[in-house]
Amino acid sequence: MSERPIGLVGPGRGRYAELDSHAPQIGDLGPLPPPRLAATATALAGVRADAGMLAGRWVAAVSLAGQSHTARGGSAQDSYGFTVARDGSALVLAVCDGLGQQADTAQIGAELLARLCVSEVAALSGAEVVERGHAALTGAIGQAVATLERLRDTTLGLTARELASTMLLCWLPLHPGGGRDMLLLRVGDCEAFTWSESEGYQVVYPDVDDGPLNIVRHTLPCDDPRPLLEPARWPLPGTGLLILATDGLAGDLFDSPDVRDWLAHRWSRPCGPAWMVDSLRYRRQGSHDDRTAVVVWLEPLSA
């Protein structure tokens with residue numbers, strides 16, 4: 001096992017050890033400041049990762065607190081969730097990104113929103129989703145947001161702005177009983193990609209506004225999420241990857257060929273949680289936000 005001590009500049013800061021990495025360093029980079037832990041009880045863990053088989057597909061997820069948070073002792077604000085629909089017809093996957101301006105509370109909204117949306121959508125049957133399409137998912141997300149609004153009013157004592165989060169959810173069929181296309185809904189600037197050796201990266205939500213990715217026009221919760229939900233339907237590839245990403249990672253995938261090549265190589269086969277964490281340890285000039293990905297290897301695997 002190789003370890004590389006990282007020296008920190010400045011009096012009294014000492015040294016700490018970190019595992020070595022081959023992750024790329026892109027652009028004009030200075031030394032990393034020492035990481036600081038968030039001092040609020042509502043902080044999310046700065047590193048979260050999962051990987052393993054889920055209903056015959058390999059799913060891996062990772063979320064890393066961005067340098068903009070760790071340098072000043074702020075909380076990570078991204079969250080993710082995944083499960084299997086109760087009738088086994090689909091995987092349900094989500095990523096959420098709390099609004100950075102609400103540094104002490106938005107992570108609560110992101111965490112609750114991811115869990116509630118995944119739970120409500122997983123209760124749908126494949127037959128209902130096939131029949132009603134995005135309308136079925138929209139209704140379930142509306143129920144999730146209504147639950148979050150009730151919690152906000154009765155328990156949390158916070159405003160909708162203090163819980164503000166973007167969201168991206170995907171219904172990924174496991175067999176024809178759950179449909180033949182992936183159905184996605186989002187509010188805000190999270191992004192979905194597919195990747196295959198033959199076609200490379202494909203973007204599910206092209207930037208139709210031709211504007212900056214990180215300009216957030218809409219967030220949840222709100223009184224009526226239905227007008228804000230952007231639907232997308234995507235043919236289910238037989239091989240390759242589905243990648244759900246918050247904007248901190250999506251922006252790097254859009255803007256950096258080096259990041260795209262690095263992740264395509266790292267995710268060329270199913271991998272474990274430590275591998276997933278190291279995948280997002282690249283450094284890129286100007287990339288300081290939280291990075292979160294949920295990745296599905298689409299080809300069915302035997303246990």
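Buried means under 20% relative accessible area, exposed over 50%, and partly exposed in between (1.4 Å probe, protein chains only). These views show a predicted model, in which local features need pLDDT of at least 70, side-chain atom pairs count only at pLDDT 80 or more, and totals for chains, interfaces and linings use all residues. Residues are numbered from 1 along each chain as its sequence is written, and side-chain values use heavy atoms, with hydrogens and water left out.

View 1. Helices (H or I, at least four residues) and strands (E, at least two) are DSSP runs, numbered from the N terminus. Ser 165 is buried, with a relative accessible area of 0%. The side chain of Ser 165 comes to 3.3 Å from the backbone oxygen of Asp 97. Beyond neighbours within four places in sequence, its contacts (heavy atoms within 4.5 Å) include Cys 96, Gly 98, Leu 113 and Thr 219.

**View 2. Look along helix H4, residues 134-156.** Among its buried residues are Leu 137, Ile 141, Val 145 and Leu 148. The buried residues of H4 pack against helices H2 and H3 and strands E8, E9 and E12. Just after H4, Gly 157 has a positive phi of about 65°.

**View 3. Trace an open sheet of 6 strands.** The order is E4-E5-E15-E13-E10-E11, with antiparallel pairing (strands pair if DSSP finds at least two bridges between them). Strands E4 and E11 stand at the edges with a single partner strand each, so one side of each has no neighbour in the sheet. Within the sheet, 5 bridges join E10 to E13, and Ala 192 stands opposite Leu 244 in E13.

Definitions and conventions
A polar contact is a pair of N or O atoms within 3.5 Å; within protein, one must be able to donate a hydrogen and the other to accept it, and residues adjacent in sequence count only if both atoms are side-chain atoms.
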